[in-house]
Amino acid sequence: MPTIHEKVSLQPYNSLALPAVAEYFCAVRTTVELFAALEFARSKNLSVTPLGGGSNIVLAGDIAGLVLSVELKGLSHKVMGQAVEVTFSAGENWHDQVLHCLKQGWYGLENLSLIPGNMGAAAIQNIGAYGVELADLFVSLTAIDKQSGAMVKFDKAACDFGYRDSLFKNIGRDRYIIVDITLALSTEPKVNIQYPALQTAIDKYADSVAAITPELVSAMVCEIRSAKLPDPNIIPNAGSFFKNPIVPQVQASALSQQYPHMPSYPQVNGDFKVPAGWLIEQCGLKGAVRGPVGVHQQQALVLVNSGGGSGAQLLALADEVRTAVSQRFEIDLEIEPRVYGD
Ligand SMILES: Cc1cc2nc3c(=O)[nH]c(=O)nc-3n(C[C@H](O)[C@H](O)[C@H](O)COP(=O)(O)OP(=O)(O)OC[C@H]3O[C@@H](n4cnc5c(N)ncnc54)[C@H](O)[C@@H]3O)c2cc1C
């Protein structure tokens with residue numbers, strides 16, 4: 001049986017460093033421990049909240065029930081010609097595994113370098129960056145169904161991935177604990193550098209390298225991200241605080257007429273994606289400071305906790321941002337991280 005603690009501070013367990021207390025807390029390192037912890041919760045009729053790296057949550061208050069730190073480790077792989085299927089335990093750190101795969105000569109994850117958090121949660125919101133998302137590489141995952149206690153397998157179609165979205169944020173919300181995920185990688189060093197900012201960064205090296213390798217792509221992604229995004233260990237944050245809104249074509253063209261410099265990106269269904277950071281900046285909120293919380297000075301999409309802020313203060317700022325954007329552009333911004341304890 002894993003040790004179950006009472007009244008544990010979650011401040012070290014969330015990248016926004018927000019203060020909150022878990023009624024019960026338990027770290028699980030094996031599936032046996034995971035089942036035992038779930039049994040404990042069932043016996044006491046407690047809700048169960050799984051946690052990975054805590055980089056995509058907002059703690060607005062204390063969490064009742066059992067908070068489960070999913071620390072399952074390990075990986076296995078299967079090579080089939082140039083294809084490699086790798087199964088990662090949910091508690092493995094995402095970026096460590098990107099680097100590990102590059103070292104093994106298993107390619108495909110490089111555009112997703114340096115995303116904080118663990119492998120399990122990557123499937124919750126279909127993480128994406130620099131022109132690649134998890135769904136592009138996804139094969140399947142294994143999860144424990146909290147309702148039945150059974151181990152279940154989901155293939156890609158069953159996960160119903162969308163933009164920063166999946167079944168696990170919708171009808172499967174709060175029902176499953178992800179145990180492992182399987183991704184399809186390749187031993188062929190093919191790179192994807194279509195994303196404009198990545199292309200520009202790589203162009204600088206085009207004359208000095210023999211080939212654009214996956215290793216170079218990973219290094220460039222790390223360089224761009226480190227220059228652009230605040231390190232949560234230095235300035236606590238949860239990355240993009242809002243999803244980039246997707247608006248119908250009619251609204252996008254009306255806005256483009258009014259704001260000719262507004263960036264927008266066509267989607268396959270005819271809608272347009274608008275950068276939330278641009279909208280926030282236009283509202284004059286980039287760099288806004290509200291006591292201990294604020295909008296980052298270089299990245300309007302990132303809300304920060306500069307020292308001792310609470311979840312309530314952060315959510316009040318998020319409300320201010322959403323109201324300003326809605327009043328000016330008639331666009332509703334959706335918060336990307338999961339809010340707990342409000
Ligand atoms: C600086 C910074 C940059 C970021 N950049 C990006 C980016 O480029 N692209 C992107 O997509 N995201 C980005 N993010 C968001 C974040 O890194 C991802 O969402 C990541 O996948 C979260 O992983 P985590 O382990 O920290 O999840 P957590 O924050 O611990 O959990 C997130 C959600 O998943 C659930 N969960 C966690 N583990 C499990 C499990 N094993 N089973 C079931 N549910 C689980 C939790 O209950 C919670 O609801 C960024 C965040 C930061 C701080």
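Start by colouring the chain by domain: domain 1 covers 5-70, domain 2 covers 75-228 and domain 3 covers 237-340, with bounds that come from an automatic or database domain assignment. Residues are numbered from 1 along each chain as its sequence is written. You are looking at a predicted model, where local features need pLDDT of at least 70, side-chain atom pairs count only at pLDDT 80 or more, and totals for chains, interfaces and linings use all residues.

**The whole chain.** Zoom out and switch to cartoon view. The chain holds nine helices and 20 strands; these are DSSP runs numbered from the N terminus, helices being H or I of at least four residues and strands E of at least two. The radius of gyration is 21 Å, close to the 20 Å that the globule rule gives for 342 residues, so the chain is as compact as a globular protein of that length. (That radius is taken over C-alpha atoms, and the rule is 2.2 Å times the number of residues to the power 0.38.)

**Where domain 1 meets domain 2.** Select these two domains next. Their C-alpha centres lie 25 Å apart. Eleven residues from domain 1 and 13 residues from domain 2 make the contact, counted when C-beta atoms, placed from the backbone, lie within 7 Å. On the domain 1 side, α1 (31-44) and β3 (48-51) each give two or more residues, and α1 gives the most, with three.

**The ligand.** Now centre on the ligand. Which residues are the closest to it? They are G52, G53, G117, G120 and G239, out of 34 residues that surround the ligand, each with its C-beta atom, placed from the backbone, within 6 Å. Elements giving two or more residues to this shell are β3, α3 (119-122), β8 (128-129), β12 (176-186) and β13 (237-240). The shell divides into 18 nonpolar, 14 polar and two charged residues. (Nonpolar means Ala, Val, Leu, Ile, Met, Phe, Trp, Tyr, Cys and Pro; charged means Asp, Glu, Lys and Arg; the others, Gly among them, are polar.)

**Two loop stops.** Most residues other than glycine have a negative phi. Select N126, in the loop between α3 and β8: its phi is near 50°. Is N126 buried or exposed? N126 counts as buried, because it has 21 C-beta neighbours inside 10 Å. Finish at E330, in the loop between α9 (311-329) and β20 (338-340), with a positive phi of about 55°. E330 is exposed, with 11 other C-beta atoms within 10 Å. (Buried means 20 or more such atoms within 10 Å, exposed 12 or fewer, partly exposed in between, with C-beta atoms placed from the backbone.)

Key:
Two residues are in contact if their C-beta atoms, placed from the backbone, lie within 7 Å.
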